[in-house]
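Trainee: Could we go through this one together? I'd like to ask things as they come up.

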Amino acid sequence: MCETRATVFYRFGFFAQFGRLALLSFVPLIWFINIIFAISWLKYFKQGPIEWLWRYLTNKFATC
């Protein structure tokens, strides 16, 4: 997610264009988008994509 924010701010020229209070106004919007994405994802999948990868790698390397 961090890469997404960096891409949005750098690519569209928003980097260093907002003060701290203005940036705080972005937080609820980003949270809302993340929550909607998580709810949508979990309707179809049992785990998140990183959780799946973590379990897969753990099982692959933990078994000798």
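Predicted model: local features only at pLDDT ≥ 70, side-chain atom pairs only at ≥ 80, totals over all residues.

Trainee: Where do Phe37 and Trp41 lie?

Mentor: Both belong to helix H2, which covers residues 20–44, and they are four residues apart, about one turn of the helix.

Trainee: How many aromatic pairs are there in the whole structure?

Mentor: A search of the whole structure gives three aromatic pairs. In the one formed by Phe37 and Trp41, the ring centres are 6.0 Å apart and the planes stand at 35 degrees, so this pair is classed as tilted. Ring pairs also bring in Phe45, linking it with Phe37 and Trp41 into a cluster.

Trainee: Switching topic, what pattern does the protein chain follow along the sequence?

Mentor: The pattern reads α-α-α, with three helices and zero strands in the protein chain.

Trainee: How many residues does H3 have, and how far does it reach?

Mentor: Helix H3 spans residues 49–62, which makes 14 residues, and it reaches 20 Å from its first C-alpha to its last, close to the 20 Å expected at 1.5 Å a residue.

Trainee: Why does H3 lie largely in the open?

Mentor: Because the number of buried residues among its 14 is zero. Tyr56, which lies in helix H3, counts as partly exposed, at 42% relative accessibility.

Trainee: Which residues make the nonpolar surface patch?

Mentor: Tyr56 is one of them, together with Trp52, Leu53, Leu57 and Phe61, and the patch comes to about 550 Å².

Trainee: And for the protein chain, what share counts as buried?

Mentor: Of its 64 residues, 3% count as buried, while the accessible surface of the protein chain is about 6300 Å², with 71% of that belonging to carbon and sulfur atoms.

Note on methods: Residues numbered from 1 in each chain as written. Heavy atoms only, no water. Helix = DSSP H or I, 4+ residues; strand = E, 2+ residues; numbered from the N terminus. Expected span 1.5 Å × (residues − 1). Buried < 20%, exposed > 50% of the residue type's maximum accessible area, 1.4 Å probe, protein only. Areas by Shrake-Rupley, 256 points an atom, 1.4 Å probe, with all protein chains shown as cover. Patch = residues over 30% accessible without salt bridge, like charges linked within 9 Å, V, L, I, M, F, W, Y side chains within 5 Å. Salt bridge = Lys/Arg side-chain N within 4 Å of Asp/Glu carboxyl O. Phe/Tyr/Trp six-rings, centres within 6.5 Å; stacked < 30°, edge-to-face > 60°.
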